[in-house]
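Subject: Structure handover

Hello,

Please find the structure below. My notes on what was found in it follow.

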Amino acid sequence: MNIVKQLGLLMLCLLNTTIVMASEHSRSVDFNFNWRFTLVENTGLPKTVPLEDTDWRDVRLPHDWSVEASFDESLEGATGYLPGGVGIYQKHFKTPADPKRSNSYILFDGVYNNATFWLNGQRLGQNPYGYSPVHFNLTDHLKTDGSNNVITVHVDHSRYGDSRWYTGSGIYRNVKLITVDKLHIPIWGTFITTPEVSAQQATINIEVNVENDNEDKKSFMLRTHIVDNVGNVVATTVDKSRISSHKSKLIEQELTVSNPKLWDIDTPNMYQAITTILLGEKVIDTYTTPFGIRELKFELNKGFYLNGKATLVKGVSIHHDAGLVGAAVPKDVWRRRFQALKEAGVNAVRTAHNPFSQEFLDLCDEMGLLVQNEFFDEFDYAKDKRLNMNERHDDYITRGYVEHFQDSAKSDLTRTMLRDRNHPSVFQWSIGNEIEWAYVNYRHVTGFWKGTEDPTKIEPRFWKGTPKYTPEELKQRYEDSDEGQYRLAETAKKLNTWVKELDTTRPTTANFIMPQISHISGYADAVDIVGYSYRNNIIPWGQTHFPDKLITINENPGTWDDWKNVLEQPGVFSQFMWTGIDYMGERHQKWPHKSGWGDILDLAGFKLQGWNYFKSIWVNEPFISLGTLPLKDSGFDVDKLSGLATPSGNRSYRWRDSNMHWNYQIDAPILVEVASNHSIVELFLNGESLGSRSMSEAPDRIFRWVVPYQSGTLTAKTGFEGQEIEATMETTGEVVGFSLTPDRVELTANGYDVSHLVVQLHDKQGRAVLTENAQVTFELQGDARWLGVDNGAPDNVQDFQSQSIVTAKGRTIAMVQANMKASQVMVTARIKGLKDQSVMINTTD
């Protein structure tokens, strides 16, 4: 090897070593552990803080106190029949660094809600919105005598019915303590864009904000390394700069990456920008920004292009809770759910209807899911938390964010965007969801509402027909209407301006429930892309009358007719079905149903028939599945002459959840439903053909037979010769045992890793029994945290924070989380009369 090559390798080794050392120059500390917590009766702020907390509970963050409680019919179904209340958190900690030389900050990713913060009795501030991140400078209030500091957080969720879905309560997202030099890059202090992307090279633009809290000006070097996903340095730039005392400075850097590994939904390659402030050779601060290199393009009449490839957005709307863990969702819980969604063909999620956690977006980056990041469910006027549309209740528990919107919206939106705008998964900003409901004049302008008081008195044609009036007539009706104190179009323009001040690389959108009025009022003009909500039928009307506006679908039920609009309408590139995963709430006076709406996964993350249905539509590989329903419950009848299934009404072809078993009463008429992406399917019962069905007979791409039930084996077959596939159901016998299956048996002792343990009843042949249920009791031995149990049923109101539960569909799930010490953990499940089942889970350092 020649001397030049040896020197080159040496320099590369030294450079990589420098980067490793720089990345280990830690700014932040995990601040989730060793908090104290108590619930209090008084909603008023404490007169003096910190408080005596020796008798309080020890809790680990993220923490949701509502999900720890029992479901209660006397509470509000809008938020899932769980309580709110008032809680106080405190944490004792040593001063992390000399306040004269360093700054210290605390960063809360989310506290629900109406939170007030103190350090050592000094008020830091408050944050009413439960979904926005917030941070505070602790420096001037830290103790310098060696004694402990105390951070106090007062959370007032006494208005527990303040939302249309389950919110959770408490410090339900991560907290970090961040310590930096007086010369530093602030929290969310970088913004990375990739304005030019090709297979050969990509341009990386980085805006870096530098702050100097020293008493004198500083001259420094700002160096950024771009590091790929295997640790290779692929680009470097260095700038010299000066900054005055107590000033901030924005520095722009440009780098070029050759042969970039693009971020895509199938290959979600990530990079890191490691930005370092140096005084001479001394590292003063190091800020690491994960990002992806990708190109977004949205074209009128054509649609969406990701990295130059036309991409249809197969999206689901989801809420931020996850069953038994409530709103304090461990990353592994989202990971299990995302994996199941992706297997069904999902490539995008919509954060309905508020910002989710940074950790959630990190996982979307990692797994390749596009994100429509939504900010608000309400603007100037409140929706009715129990009944939706405009507010018709006026009581204390339902007072929500509208009371703070005028003062806080810009700050909440800004903080969310500063946190989220480097995530490659985020491809749209949605300023709001179905906001028109709360502006009463909008519905009256449509002409579909009878009277002015009751918003439920609506003509069905609103949903199915075209608008009653021409755009010109609608505009005149709008101008003649009473707008009230606030004009929706003006509020939307204001929000859009705030977004564009922070990011012009992604389009803005909103979810429009009355698009015909939003088009003529100026609301639709306030955003880049108009996303219709349940109004697919008027897409052609909108495209005809507003040809310069890109129109797509932001929310719909999720049927084949919905997806046909994406395939057939020019420029329509997305749907976000309602909803991908079951969630708690929106169940006013529906006790004991505390959750619902899930089409692909239930509340426990188990697959529903919607998983099969959407996979047959969205995944380009041979697929077939079986579902069954008693004919009387199916929405279909049987033609007495042909024996074919015939729809009994207009809604029959609206897909519904069907059973995954073949256990019924002898001779009972059963509707058999097959989801497949083949054109012809043949059905067999105990080896005897029941005939074939063609896709031409399936308006919703579901093949149907009416079958008098006989026990045995039901089989659906399809495919060309040599490429046949089939799906099978068998009649199961009585329950003789059960399985206990973990998704992970090795966890890291980090306080976060989660193992999901599934119990499934089975018969003597080992076949899953879905028609019988039993009480399961769990026992945990070893150093681990028991998170709880859930069977996924929407009417399950057993305590989540329990070690005993009755199965639903013969199954249930339990979750165990690692603690901070290595341990062997034994989980045993017991069912009376059946053999116990145990699994060993190892947690290692």
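The second largest pocket of this predicted model holds about 710 Å³ of space. A pocket here is an open set of points on a 1 Å grid over the protein atoms alone, with protein on both sides within 12 Å along at least five of seven lines. Grid points are joined across faces, edges and corners, and a volume is the space filled by probe spheres set on the points. Lining residues are those with an atom within 4 Å of a point; the second largest pocket has 24 of them, and K176, Y287, T288, P290 and Q358 lie nearest its centre. At least two lining residues come from each of β10 (175–181), β18 (282–291), α3 (358–367) and α4 (402–420), and β18 contributes the most, five. Helices (H or I, at least four residues) and strands (E, at least two) are DSSP runs numbered from the N terminus. By class the lining has seven nonpolar, twelve polar and five charged residues. Ala, Val, Leu, Ile, Met, Phe, Trp, Tyr, Cys and Pro count as nonpolar, Asp, Glu, Lys and Arg as charged, and the others, Gly among them, as polar.

On conventions: residues are numbered from 1 along each chain as its sequence is written, and side-chain values use heavy atoms, with hydrogens and water left out. As the model is predicted, local features need pLDDT of at least 70 and side-chain atom pairs count only at pLDDT 80 or more, while totals for chains, interfaces and linings use all residues.

Next, the cavities (sets of grid points where a 1.4 Å probe fits but cannot get out).

The salt bridges number 42, each being a side-chain nitrogen of Lys or Arg within 4 Å of a carboxyl oxygen of Asp or Glu. For burial, buried means under 20% relative accessible area, exposed over 50%, and partly exposed in between (1.4 Å probe, protein chains only).

- R335 pairs with D332, the closest N and O atoms being 3.7 Å apart. The two are three residues apart in helix α2 (residues 331–343), and so separated by about one helical turn. R335 is partly exposed at 28%, whereas D332 is buried at 12%.
- K468 pairs with E459, with 3.0 Å between the closest N and O atoms. K468 is partly exposed at 30%, and E459 is partly exposed at 22%.
- R744 pairs with D753 at 3.1 Å between the closest N and O atoms. R744 is partly exposed at 26%, and D753 is buried at 11%. Through shared partners, salt bridges join D332, R335, E366, R744 and D753 into one network.

Last, a sheet. Four strands form an open sheet in the order β37-β36-β39-β40, with antiparallel pairing; strands pair if DSSP finds at least two bridges between them. β37 (688–694) and β40 (725–730) each have a single partner strand, so one side of each has no neighbour in the sheet. The twist averages 20° from one strand to the next, with axes fitted as lines to C-alpha atoms and angles running from 0 to 180 degrees between N-to-C directions. Four bridges join the antiparallel strands β36 (residues 680–685) and β39 (residues 713–718), and F684 stands opposite T715 in β39.

Regards
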